[in-house]
Amino acid sequence: MLLLLRLGELMRKPIIAGNWKMFKTRDEALQFVYAVANKVPAIEKIDSVICAQFTVLRCLVKRQGPNLRVGAQNMHFADEGAFTGEVSASMLKSIDVSYVIIGHSERRAMFNETDEAINKKLHKAFENDLVPILCVGESLADREAGRTEEVIKRQLELDLAGLSAEDVKNLVIAYEPIWAIGTGRTATSEVANETCGFIRRYIAEAYGDDIADSIRIQYGGSVNVKNIGELMSMPHIDGALIGGASLKSEDFLQMINIALTTKNA
Ligand code: PGA
């Protein structure tokens, strides 16, 4: 069993994604990308992604180099239309964006994003060859009431409805307990691993063992240079979605390198 777990873990390429949220002007984004683009490790070994706000996506893509990739933080599910202020998947694709965060808890909470909308967004992202990073996670009240697995199962059922097994294989899931985001309160590596393991078991039951062995599951919530090593040493954690700590280029690079060495150890 342990050996199988380890084999599955070794098969999956780690993925570290920075989520800049609503930070960085164009000049700040440029400074960052010049500092990291040539220093991120080879893309064959680890996926390094910056998810930025719309205004700087193109400027990052142009300078991403061979090993860094750029993602958006949201998109609309329609192809086009009268949706003032929104951006479509094909628009992101047209400027060579590779990833898109879908269903971040801040969007669910502050912008009333429903699981139904998230499901439509996932379908549209795949149709346009974008790799979605789907965020799921429970609130503090849910965790304290022992409802973590129930809440996450429900999110997965609704969010993934109708997706093909092939799509699910290429999906990245970020487990982000809401109580750990931006609070400095990280889930312990055991708690994070346990819930990521629960997500993997759900995927195995719904889509089969091969898909569950291939899908990459990140942990997110107050990840930083100090705790990323321990989190990445866990068998079900394939990467991290990092907010605050991804804003500094040195820290971002350091976290990618720690993740890579930990997984190869
Ligand atoms: P944090 O954010 O690392 O600042 O907690 C994580 C996220 O919201 O994706």
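Q53 counts as buried because its relative accessibility is 14%, where buried means under 20% relative accessible area, exposed over 50% and partly exposed in between, with a 1.4 Å probe and protein chains only. This is a predicted model, in which local features need pLDDT of at least 70 and side-chain atom pairs count only at pLDDT 80 or more, while totals for chains, interfaces and linings use all residues. Residues are numbered from 1 along each chain as its sequence is written, and side-chain values use heavy atoms, with hydrogens and water left out.

Q53 lies in the loop between β2 (47-51) and α3 (54-62); helices (H or I, at least four residues) and strands (E, at least two) are DSSP runs numbered from the N terminus. Not counting residues up to four places away in sequence, Q53 touches W20, K21, F23, K24 and Q73, contact meaning heavy atoms within 4.5 Å.

## S88 and its surroundings

S88, found in the loop between β3 (68-72) and α4 (89-94), counts as buried because its relative accessibility is 3%. Leaving aside neighbours within four places in sequence, S88 is in contact with H76, A78 and D79. The C-alpha atoms of S88 and G71 are 13 Å apart in space, with the two residues 17 apart in sequence.

## Nonpolar cores

A nonpolar core is a set of buried Ala, Val, Leu, Ile, Met, Phe, Trp, Tyr and Cys residues joined through side-chain atoms within 4.5 Å. The largest such core has 71 residues, of which I16, L60, L92, L156, I199, I203 and Y219 touch the most other members. Apart from this core lies another, of 11 residues, among them A17, C51, Y99 and V172.
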